[in-house]
Amino acid sequence: MRGDDIGTERLFSYVSCEARVSASHPLRPIRAIVDEVLEVLSADFEGMYAKTGRPSIAPGKLLRALLLQAFYSIRSERQLMEQMDYNLLFRWFVGLSMDAAVWDASMFTKNRDRLLEGDVATRFLAAVVAQARGRDLLSDEHFSVDGTLIDAWASMNSFRPRDDGEGPAGAGRNAERDFRGEKRSNQTHASTTDPEAKLYRKANGQSSRMAFMGHGLMENRNGLVVGALVTQATGTAEREAALVLVDELKATGRITLGADKAYDARAFVQALRARKVTPHIARNEQINQAGERRRRSAIDGRTTRHPGYAISLAVRKRIEEVFGWARTVGGPRKTRHKGTDRVGQAFTLTAVACNLVRLPKPMVAA
(Lines give C-alpha, C1' and ligand atoms only; values in the text may rest on other atoms or scores of the structure.)
Protein backbone atom coordinates (compact mmCIF):
# COMPACT_ATOMS: atom_id res chain seq x y z
CA MET A 1 0.00 0.00 0.00
CA ARG A 2 1.33 3.36 -0.97
CA GLY A 3 1.82 5.76 1.92
CA ASP A 4 0.43 9.29 1.85
CA ASP A 5 2.87 12.15 1.21
CA ILE A 6 1.57 14.34 4.01
CA GLY A 7 3.62 16.67 6.16
CA THR A 8 4.03 15.57 9.77
CA GLU A 9 4.96 18.86 11.41
CA ARG A 10 3.75 19.33 14.96
CA LEU A 11 3.34 22.39 17.07
CA PHE A 12 5.33 20.88 19.93
CA SER A 13 8.17 18.33 20.03
CA TYR A 14 8.94 16.21 23.08
CA VAL A 15 12.07 14.50 21.68
CA SER A 16 15.46 15.90 22.73
CA CYS A 17 18.65 16.00 20.67
CA GLU A 18 20.06 13.38 23.05
CA ALA A 19 17.41 10.89 21.95
CA ARG A 20 18.16 11.51 18.27
CA VAL A 21 21.84 10.51 18.54
CA SER A 22 22.52 6.79 18.35
CA ALA A 23 24.13 5.19 21.39
CA SER A 24 26.83 3.75 19.12
CA HIS A 25 27.66 7.01 17.36
CA PRO A 26 31.45 7.65 17.36
CA LEU A 27 30.97 11.17 18.69
CA ARG A 28 29.57 9.88 21.99
CA PRO A 29 32.89 8.69 23.51
CA ILE A 30 34.58 11.81 22.11
CA ARG A 31 31.98 14.03 23.77
CA ALA A 32 32.60 12.24 27.10
CA ILE A 33 36.36 12.87 26.83
CA VAL A 34 35.84 16.52 25.90
CA ASP A 35 33.47 17.09 28.83
CA GLU A 36 36.07 15.76 31.28
CA VAL A 37 38.77 17.97 29.79
CA LEU A 38 36.57 21.08 29.86
CA GLU A 39 35.81 20.43 33.52
CA VAL A 40 39.55 20.57 34.22
CA LEU A 41 39.90 23.82 32.24
CA SER A 42 36.93 25.50 33.94
CA ALA A 43 39.14 27.34 36.44
CA ASP A 44 41.29 28.73 33.59
CA PHE A 45 38.18 30.02 31.82
CA GLU A 46 37.08 31.92 34.91
CA GLY A 47 40.14 34.19 34.74
CA MET A 48 39.57 35.03 31.07
CA TYR A 49 36.14 36.65 31.42
CA ALA A 50 34.87 39.67 33.34
CA LYS A 51 32.34 39.24 36.15
CA THR A 52 29.99 41.83 34.66
CA GLY A 53 28.76 42.74 31.20
CA ARG A 54 26.98 40.94 28.40
CA PRO A 55 27.41 37.14 28.44
CA SER A 56 29.63 35.74 25.71
CA ILE A 57 29.56 32.34 24.05
CA ALA A 58 30.44 29.73 26.65
CA PRO A 59 34.05 28.63 26.03
CA GLY A 60 33.04 24.98 26.26
CA LYS A 61 30.47 25.35 23.49
CA LEU A 62 32.98 27.37 21.45
CA LEU A 63 35.64 24.66 21.65
CA ARG A 64 33.18 21.88 20.85
CA ALA A 65 32.05 23.80 17.76
CA LEU A 66 35.67 24.27 16.62
CA LEU A 67 36.24 20.53 17.04
CA LEU A 68 33.23 19.83 14.82
CA GLN A 69 34.76 22.10 12.19
CA ALA A 70 37.85 19.87 12.17
CA PHE A 71 35.96 16.55 12.36
CA TYR A 72 33.70 17.33 9.40
CA SER A 73 36.05 19.46 7.25
CA ILE A 74 33.84 22.54 7.40
CA ARG A 75 35.62 25.26 5.47
CA SER A 76 34.40 28.38 7.30
CA GLU A 77 32.75 29.58 10.49
CA ARG A 78 29.81 30.87 8.49
CA GLN A 79 29.14 27.43 7.06
CA LEU A 80 29.61 25.93 10.53
CA MET A 81 26.87 28.16 11.93
CA GLU A 82 24.61 27.29 9.00
CA GLN A 83 25.00 23.55 9.54
CA MET A 84 24.61 23.87 13.30
CA ASP A 85 21.25 25.54 12.75
CA TYR A 86 19.67 22.43 11.22
CA ASN A 87 21.97 19.54 12.22
CA LEU A 88 20.69 17.91 15.43
CA LEU A 89 23.93 15.96 15.85
CA PHE A 90 25.93 19.20 15.86
CA ARG A 91 23.51 20.79 18.33
CA TRP A 92 23.81 17.82 20.67
CA PHE A 93 27.62 17.76 20.56
CA VAL A 94 27.95 21.51 21.16
CA GLY A 95 25.27 21.55 23.87
CA LEU A 96 22.47 23.54 22.19
CA SER A 97 18.83 22.61 22.54
CA MET A 98 16.58 22.21 19.51
CA ASP A 99 15.05 25.66 20.07
CA ALA A 100 18.25 27.57 20.92
CA ALA A 101 19.32 30.27 18.49
CA VAL A 102 22.61 29.76 16.67
CA TRP A 103 25.25 32.47 16.98
CA ASP A 104 26.12 34.95 14.29
CA ALA A 105 29.30 34.01 12.41
CA SER A 106 30.99 37.35 13.18
CA MET A 107 30.17 36.99 16.86
CA PHE A 108 31.57 33.46 16.81
CA THR A 109 34.91 34.56 15.32
CA LYS A 110 35.22 37.43 17.83
CA ASN A 111 34.79 34.99 20.70
CA ARG A 112 37.23 32.58 19.06
CA ASP A 113 39.89 35.30 19.13
CA ARG A 114 39.46 35.56 22.91
CA LEU A 115 40.63 31.96 23.14
CA LEU A 116 43.76 33.03 21.31
CA GLU A 117 44.54 35.65 23.97
CA GLY A 118 44.35 33.01 26.70
CA ASP A 119 46.38 30.41 24.76
CA VAL A 120 43.44 28.05 25.29
CA ALA A 121 44.33 25.76 22.36
CA THR A 122 47.67 24.84 23.96
CA ARG A 123 46.00 24.27 27.34
CA PHE A 124 43.31 22.17 25.67
CA LEU A 125 45.92 19.94 24.04
CA ALA A 126 47.83 19.62 27.33
CA ALA A 127 44.63 18.63 29.18
CA VAL A 128 43.78 15.94 26.61
CA VAL A 129 47.34 14.61 26.82
CA ALA A 130 47.16 14.60 30.62
CA GLN A 131 43.94 12.60 30.49
CA ALA A 132 45.57 10.02 28.21
CA ARG A 133 48.62 9.89 30.47
CA GLY A 134 46.39 9.27 33.49
CA ARG A 135 45.09 6.13 31.73
CA ASP A 136 48.66 4.98 30.96
CA LEU A 137 48.21 5.42 27.19
CA LEU A 138 51.36 7.46 26.56
CA SER A 139 55.03 6.55 26.29
CA ASP A 140 57.26 8.62 28.57
CA GLU A 141 60.48 7.57 26.85
CA HIS A 142 60.02 7.39 23.07
CA PHE A 143 58.90 10.25 20.84
CA SER A 144 58.97 11.36 17.19
CA VAL A 145 59.01 14.80 15.63
CA ASP A 146 58.31 16.18 12.17
CA GLY A 147 57.14 19.28 10.37
CA THR A 148 54.75 20.11 7.55
CA LEU A 149 54.14 23.10 5.32
CA ILE A 150 50.88 25.04 5.70
CA ASP A 151 49.97 27.17 2.69
CA ALA A 152 49.34 30.75 3.75
CA TRP A 153 46.19 32.66 2.91
CA ALA A 154 48.37 35.21 1.12
CA SER A 155 48.87 34.80 -2.62
CA MET A 156 52.08 35.14 -4.60
CA ASN A 157 50.64 38.30 -6.15
CA SER A 158 50.77 39.95 -2.71
CA PHE A 159 54.52 39.27 -2.34
CA ARG A 160 55.94 42.68 -3.23
CA PRO A 161 59.11 44.66 -2.56
CA ARG A 162 59.12 46.21 0.90
CA ASP A 163 59.58 49.71 -0.57
CA ASP A 164 56.86 49.22 -3.20
CA GLY A 165 54.25 51.16 -1.22
CA GLU A 166 50.74 50.65 -2.56
CA GLY A 167 51.94 49.26 -5.88
CA PRO A 168 51.40 50.77 -9.34
CA ALA A 169 48.72 53.46 -9.48
CA GLY A 170 45.47 52.48 -11.16
CA ALA A 171 46.42 48.82 -11.26
CA GLY A 172 43.24 47.73 -9.47
CA ARG A 173 42.68 45.20 -6.73
CA ASN A 174 43.58 42.09 -8.75
CA ALA A 175 46.04 43.54 -11.19
CA GLU A 176 48.37 41.17 -13.01
CA ARG A 177 52.04 41.38 -12.13
CA ASP A 178 54.97 40.28 -14.27
CA PHE A 179 57.58 38.55 -12.08
CA ARG A 180 59.83 37.50 -14.97
CA GLY A 181 63.45 38.40 -14.28
CA GLU A 182 62.66 39.77 -10.80
CA LYS A 183 64.69 38.37 -7.92
CA ARG A 184 62.46 37.83 -4.89
CA SER A 185 63.49 36.89 -1.37
CA ASN A 186 62.18 37.27 2.17
CA GLN A 187 64.89 39.86 2.85
CA THR A 188 63.66 42.27 0.16
CA HIS A 189 59.99 41.31 -0.26
CA ALA A 190 56.98 40.78 2.02
CA SER A 191 53.33 39.89 1.58
CA THR A 192 50.90 42.78 1.80
CA THR A 193 48.15 40.35 2.85
CA ASP A 194 50.02 38.48 5.61
CA PRO A 195 53.47 39.90 6.41
CA GLU A 196 54.28 36.93 8.67
CA ALA A 197 54.00 34.42 5.82
CA LYS A 198 57.31 33.56 4.20
CA LEU A 199 58.32 32.50 0.70
CA TYR A 200 59.58 28.93 0.99
CA ARG A 201 60.68 26.12 -1.32
CA LYS A 202 60.53 22.65 0.18
CA ALA A 203 63.11 21.04 -2.12
CA ASN A 204 65.07 21.64 -5.30
CA GLY A 205 62.88 21.44 -8.37
CA GLN A 206 59.73 22.46 -6.48
CA SER A 207 58.00 25.82 -6.70
CA SER A 208 58.26 28.46 -4.00
CA ARG A 209 55.08 29.39 -2.16
CA MET A 210 53.84 31.51 0.71
CA ALA A 211 53.70 29.28 3.75
CA PHE A 212 53.97 28.67 7.47
CA MET A 213 55.46 25.55 9.04
CA GLY A 214 53.61 23.34 11.50
CA HIS A 215 55.51 21.07 13.88
CA GLY A 216 54.26 18.09 15.85
CA LEU A 217 55.73 15.93 18.62
CA MET A 218 54.24 12.42 18.88
CA GLU A 219 54.62 9.77 21.54
CA ASN A 220 55.36 6.35 20.04
CA ARG A 221 52.96 4.06 21.97
CA ASN A 222 49.59 5.10 20.48
CA GLY A 223 50.68 7.83 18.08
CA LEU A 224 49.15 10.72 20.04
CA VAL A 225 50.32 14.29 19.54
CA VAL A 226 51.80 15.67 22.76
CA GLY A 227 53.07 18.97 21.38
CA ALA A 228 52.20 21.26 18.47
CA LEU A 229 53.73 24.50 17.26
CA VAL A 230 53.58 26.79 14.21
CA THR A 231 56.51 28.93 13.09
CA GLN A 232 57.52 30.91 10.06
CA ALA A 233 58.86 28.77 7.25
CA THR A 234 62.67 28.80 7.26
CA GLY A 235 65.41 26.27 6.56
CA THR A 236 66.16 25.76 10.25
CA ALA A 237 62.60 26.04 11.63
CA GLU A 238 62.08 22.27 11.98
CA ARG A 239 65.15 21.74 14.17
CA GLU A 240 64.56 24.88 16.25
CA ALA A 241 60.93 23.94 16.88
CA ALA A 242 61.92 20.38 17.78
CA LEU A 243 64.15 21.68 20.59
CA VAL A 244 61.30 23.87 21.87
CA LEU A 245 58.88 20.92 21.88
CA VAL A 246 61.41 18.69 23.64
CA ASP A 247 62.00 21.33 26.31
CA GLU A 248 58.25 21.63 26.89
CA LEU A 249 58.10 17.90 27.66
CA LYS A 250 60.10 18.49 30.86
CA ALA A 251 61.23 14.88 30.83
CA THR A 252 62.87 13.67 34.03
CA GLY A 253 64.83 10.81 32.44
CA ARG A 254 66.53 9.96 29.16
CA ILE A 255 64.24 9.84 26.12
CA THR A 256 64.61 9.00 22.43
CA LEU A 257 63.55 11.24 19.54
CA GLY A 258 62.89 9.83 16.08
CA ALA A 259 63.08 12.10 13.04
CA ASP A 260 63.79 12.07 9.30
CA LYS A 261 66.95 13.08 7.44
CA ALA A 262 66.16 16.79 7.59
CA TYR A 263 67.10 16.71 11.28
CA ASP A 264 70.52 15.12 10.70
CA ALA A 265 72.60 18.20 11.53
CA ARG A 266 75.59 18.12 13.86
CA ALA A 267 74.55 21.14 15.93
CA PHE A 268 71.05 19.75 16.41
CA VAL A 269 72.31 16.31 17.45
CA GLN A 270 74.69 17.91 19.96
CA ALA A 271 71.84 20.01 21.36
CA LEU A 272 69.74 16.84 21.84
CA ARG A 273 72.56 14.99 23.59
CA ALA A 274 73.04 17.96 25.93
CA ARG A 275 69.36 17.55 26.89
CA LYS A 276 69.80 13.81 27.57
CA VAL A 277 67.87 12.95 24.41
CA THR A 278 69.05 10.03 22.27
CA PRO A 279 68.75 11.12 18.61
CA HIS A 280 67.09 8.33 16.62
CA ILE A 281 67.42 10.30 13.39
CA ALA A 282 67.62 8.84 9.89
CA ARG A 283 71.19 9.11 8.62
CA ASN A 284 71.70 11.62 5.82
CA GLU A 285 74.86 10.53 4.03
CA GLN A 286 75.57 11.43 0.43
CA ILE A 287 77.82 9.18 -1.66
CA ASN A 288 78.59 9.92 -5.32
CA GLN A 289 78.89 7.38 -8.13
CA ALA A 290 82.60 6.93 -7.45
CA GLY A 291 81.83 5.79 -3.93
CA GLU A 292 83.18 8.96 -2.35
CA ARG A 293 81.33 10.25 0.68
CA ARG A 294 80.25 13.87 0.11
CA ARG A 295 78.43 14.28 3.41
CA ARG A 296 78.98 12.53 6.73
CA SER A 297 76.01 11.88 9.03
CA ALA A 298 76.02 13.19 12.58
CA ILE A 299 74.55 9.85 13.75
CA ASP A 300 77.28 7.29 14.43
CA GLY A 301 77.52 3.73 15.64
CA ARG A 302 76.90 4.70 19.26
CA THR A 303 73.26 5.11 18.29
CA THR A 304 72.69 2.86 15.29
CA ARG A 305 74.05 -0.32 16.96
CA HIS A 306 71.09 -0.54 19.33
CA PRO A 307 67.92 -2.37 18.12
CA GLY A 308 65.77 0.49 19.43
CA TYR A 309 67.17 2.75 16.70
CA ALA A 310 65.59 0.68 13.91
CA ILE A 311 62.32 0.47 15.85
CA SER A 312 62.18 4.27 16.26
CA LEU A 313 62.80 4.80 12.55
CA ALA A 314 59.87 2.52 11.73
CA VAL A 315 57.47 3.96 14.31
CA ARG A 316 58.28 7.63 13.66
CA LYS A 317 56.58 7.36 10.25
CA ARG A 318 53.24 7.29 12.09
CA ILE A 319 53.50 11.03 12.56
CA GLU A 320 52.89 11.30 8.82
CA GLU A 321 49.46 9.78 9.51
CA VAL A 322 48.75 12.69 11.85
CA PHE A 323 49.74 15.25 9.24
CA GLY A 324 47.85 13.33 6.55
CA TRP A 325 44.64 13.40 8.61
CA ALA A 326 45.17 17.06 9.42
CA ARG A 327 45.68 18.06 5.80
CA THR A 328 42.84 16.01 4.29
CA VAL A 329 40.23 16.21 7.08
CA GLY A 330 41.26 18.76 9.70
CA GLY A 331 41.81 21.54 7.20
CA PRO A 332 45.26 23.17 7.58
CA ARG A 333 46.56 22.29 4.09
CA LYS A 334 45.76 25.92 3.28
CA THR A 335 45.01 28.04 6.30
CA ARG A 336 42.02 30.39 6.51
CA HIS A 337 43.81 32.63 9.02
CA LYS A 338 46.50 35.28 8.97
CA GLY A 339 49.47 35.54 11.32
CA THR A 340 51.50 32.92 13.15
CA ASP A 341 49.34 33.08 16.30
CA ARG A 342 46.01 32.43 14.59
CA VAL A 343 47.45 29.75 12.31
CA GLY A 344 49.04 28.17 15.39
CA GLN A 345 45.72 28.10 17.24
CA ALA A 346 43.98 26.36 14.33
CA PHE A 347 46.85 23.87 13.94
CA THR A 348 46.85 23.01 17.65
CA LEU A 349 43.07 22.51 17.72
CA THR A 350 43.43 20.20 14.72
CA ALA A 351 46.02 18.21 16.67
CA VAL A 352 43.53 17.97 19.56
CA ALA A 353 40.84 16.74 17.14
CA CYS A 354 43.22 14.10 15.76
CA ASN A 355 43.97 12.85 19.29
CA LEU A 356 40.26 12.69 20.13
CA VAL A 357 39.59 10.56 17.05
CA ARG A 358 42.31 8.12 18.12
CA LEU A 359 41.69 7.99 21.88
CA PRO A 360 38.41 6.00 22.23
CA LYS A 361 39.85 2.66 20.99
CA PRO A 362 42.94 2.54 23.24
CA MET A 363 40.77 3.71 26.16
CA VAL A 364 38.45 0.74 25.65
CA ALA A 365 41.39 -1.63 25.27
CA ALA A 366 42.96 -0.29 28.46
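Student: On what basis are residues numbered and values computed?
Tutor: Residues are numbered from 1 along each chain as its sequence is written, and side-chain values use heavy atoms, with hydrogens and water left out. In this predicted model, local features need pLDDT of at least 70 and side-chain atom pairs count only at pLDDT 80 or more, while totals for chains, interfaces and linings use all residues.

Student: Is Glu-77 buried or exposed?
Tutor: Glu-77 lies in helix H4, residues 77–86 (helices, H or I of at least four residues, and strands, E of at least two, are DSSP runs numbered from the N terminus). Buried means under 20% relative accessible area, exposed over 50%, and partly exposed in between, with a 1.4 Å probe and protein chains only. Because its relative accessibility is 10%, Glu-77 counts as buried.

Student: Which residues does Glu-77 contact, leaving aside neighbours within four places in sequence?
Tutor: Contact means heavy atoms within 4.5 Å. With those neighbours set aside, the partners of Glu-77 are Gln-69, Ala-105, Phe-108, Thr-109, Arg-112, Arg-336 and His-337.

Student: Within what arc do the buried residues of H12 fall?
Tutor: In helix H12 (residues 319–330), the buried residues are Ile-319, Val-322, Phe-323, Trp-325, Ala-326 and Gly-330. The arc is that of the directions from the helix axis to the C-beta atoms. Seen down the axis of H12, these buried residues line one face of the helix, because they fall within an arc of 160°.

Student: Against which elements do the buried residues of H12 pack?
Tutor: The elements comprise both helices and strands. They are helix H3 (59–71), strand E1 (142–151), strand E5 (209–219), strand E6 (225–232) and helix H13 (340–358).

Student: How far apart are the closest N and O atoms of Arg-123 and Asp-44?
Tutor: A salt bridge is a side-chain nitrogen of Lys or Arg within 4 Å of a carboxyl oxygen of Asp or Glu. Arg-123 forms one with Asp-44, and the closest N and O atoms are separated by 3.9 Å.

Student: Where do Asp-136 and Arg-221 lie?
Tutor: The side chains of Asp-136 and Arg-221 meet in a salt bridge, at 3.4 Å from N to O. This pair links distant parts of the chain, 85 residues apart: Asp-136 is in the loop between H7 and E1, and Arg-221 is in the loop between E5 and E6.
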